Amino acid sequence: MNTIIINKILMHMLDFEHRKIYHSTDFVDMNETSIDYYRKKVEKALNSPVMKELTVGSLHEMMLRSEKMIESDEEFIKQAHEMTDKLFALGSVIEEMPNSNVLFVDCYKNGERHIAALKLNYRMIPMSVVEEGVVRITKQQVLPMMGSAVDEAIIVNCDQKQLFLIEKKYTIDGKPDFYLNPQWIKGEEKLTDKQKFSTMRKVVKKMDDIYNVNDGKALPLMKQEIQGKMEANEPVKPLEIVKKVLERDYQAQEESEVMLKDLGIGEEDQIHVLSGTMDTCKLVLDEDIEIKLPIEEYLSGSHLEKVKQPDGSYSIVFKDINEVIVK
């Protein structure tokens with residue numbers, strides 16, 4: 001289930017190029033020509049695989065602001081105004097900061113109330129202009145495309161009292177760095193869903209290499225387990241899934257649990273958003289050869305067989321194929 005209902009949106013503009021802020025005094029009109037853009041951006045932010053949860057206190061500034069914003073329209077506008085000024089002050093000292101629109105959103109995700117500030121950074125595109133009889137190409141700043149990811153966002157789950165962040169690195173003091181959390185939010189970062197999945201892959205692969213638990217099939221089995229949980233709408237718990245994949249070897253299970261906890265993943269950690277599909281796997285061979293196929297096909301071996309040769313090399317044999325189409 002992934003249902004998002006938007007209550008209202010307020011939008012401000014940060015014009016870093018001309019050192020000016022444009023504050024809206026009323027909520028946007030979500031008519032037929034614009035609602036799809038707003039909805040897609042909210043979905044992109046709330047379902048981002050790089051969104052990270054921050055541990056903060058109940059009296060943290062963002063928690064208090066979000067509580068105020070759901071009290072009344074007047075408070076929503078007031079708090080959004082102040083947060084926009086703060087974003088502008090932070091961005092003004094970063095040389096490469098692009099102009100942006102900031103969407104302040106009151107919405108529900110799966111029945112839970114959320115307040116979010118989405119910073120939509122402009123991008124440069126080439127444009128053709130005609131001036132005094134001369135046609136030339138220049139660059140113009142425009143809003144990001146509807147389907148592109150949201151670069152920066154502050155998201156509060158008001159019901160669960162959780163704070164999330166999407167951050168982008170900029171050159172700060174001569175090196176790439178984040179600014180939202182270090183300079184403003186100052187929360188303790190948890191792993192993103194993308195980082196949790198990457199950690200699971202590393203641990204499962206290492207344990208399978210050491211103990212040969214699943215004959216090289218540990219990673220496809222892990223993705224299969226995740227896919228099954230997602231389809232059944234059950235919690236995706238990294239520690240639980242890794243131990244399930246390695247259940248044939250107690251030592252591998254024990255070591256994987258220790259490794260995951262050392263890397264910041266505990267028993268209650270969950271993955272909510274994953275980019276990419278969990279029902280396919282890719283075989284990467286030497287000589288830059290890649291083979292992509294459904295996980296079920298790989299695990300069953302119904303159409304593909306991996307045969308080890310006497311010299312230690314492998315042969316990949318495709319079986320029962322009726323047609324081959326080159327794409």
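This is a predicted model: local features need pLDDT of at least 70, side-chain atom pairs count only at pLDDT 80 or more; totals for chains, interfaces and linings use all residues.

Modeller: Helix 6 passes helix 7 in a right-handed crossing. The residues that make this contact are Ala 218, Leu 221, Met 222, Glu 225, Ile 226 and Lys 229 on the side of helix 6, and Glu 240, Ile 241, Lys 244 and Val 245 on the side of helix 7. Sorted by class, the contact of helix 6 with helix 7 has six nonpolar residues and four charged ones, with no polar residue taking part. As for the geometry, helix 6 covers residues 218-231 and helix 7 covers residues 238-245, and their axes come within 9 Å and cross at roughly 130 degrees.

Helix 5, residues 193-211, packs with helix 8, residues 250-262, at an angle of about 150 degrees, and their axes are 10 Å apart. Since angles over 145 degrees count as roughly antiparallel, helix 5 and helix 8 are therefore roughly antiparallel to each other. Here too the handedness can be stated, for helix 5 passes helix 8 in a right-handed crossing. From helix 5, the residues Thr 199, Val 203, Lys 206, Met 207 and Tyr 211 meet Gln 251, Ala 252, Glu 255, Ser 256, Met 259 and Leu 260 from helix 8. By class, the contact of helix 5 with helix 8 has six nonpolar, three polar and two charged residues.

From the helix pairs we can turn to the sheet. Eight strands form an open sheet with antiparallel pairing, in the order 2-1-4-5-8-9-3-12. At its edges are strand 2 (20-22) and strand 12 (188-189), each of which pairs on one side only. Within the sheet, strand 5 (residues 112-121) runs antiparallel to strand 8 (residues 152-157), and six bridges join them.

Phe 76 lies in helix 3 and is buried, with a relative accessible area of 0%. Leaving aside its neighbours within four places in sequence, Phe 76 is in contact with Lys 8, Leu 10, Phe 27, Met 69, Phe 104, Val 105, Asp 106 and Ile 115. The C-alpha atoms of Phe 76 and Ile 115 are separated by 9.7 Å, although these residues are 39 residues apart along the chain. Thr 84, which is likewise found in helix 3, is buried with a relative accessible area of 0%. With its neighbours within four places in sequence again left aside, Thr 84 is in contact with His 12, Leu 14, Ile 21, His 23 and Phe 104. Between the C-alpha atoms of Thr 84 and Met 13, which are 71 residues apart along the chain, the separation is 8.4 Å.

Some backbone details remain. Most residues other than glycine have a negative phi. Asn 110, however, is not a glycine and has a positive phi of about 50 degrees; Asn 110 is found in the loop between strand 4 and strand 5, and it is partly exposed, with a relative accessible area of 30%. Asp 320 also has a positive phi, near 55 degrees, and it is found in the segment after strand 16 (314-318), where Asp 320 is exposed with a relative accessible area of 63%. Strand 16 itself pairs with strand 15 (residues 304-308) in the antiparallel sense over five bridges, and Val 307 stands opposite Ser 315 in strand 16. The hairpin of strand 15 and strand 16 has five residues between the strands, and in it Gly 312 takes a positive phi near 95 degrees.

How values were computed. Residues are numbered from 1 along each chain as its sequence is written. Side-chain values use heavy atoms; hydrogens and water are left out. Two strands pair if DSSP finds at least two bridges between them. Helices (H or I, at least four residues) and strands (E, at least two) are DSSP runs, numbered from the N terminus. Axes are lines fitted to C-alpha atoms, for helices over the stretch in contact, and angles run from 0 to 180 degrees between N-to-C directions. Angles under 35 degrees count as roughly parallel, over 145 as roughly antiparallel, 65 to 115 as roughly perpendicular and the rest as oblique. A crossing is left-handed if the near helix is turned anticlockwise from the far one by less than a right angle, and right-handed if clockwise. Contact means heavy atoms within 4.5 Å. Ala, Val, Leu, Ile, Met, Phe, Trp, Tyr, Cys and Pro count as nonpolar, Asp, Glu, Lys and Arg as charged, and the others, Gly among them, as polar. Buried means under 20% relative accessible area, exposed over 50%, partly exposed in between (1.4 Å probe, protein chains only).
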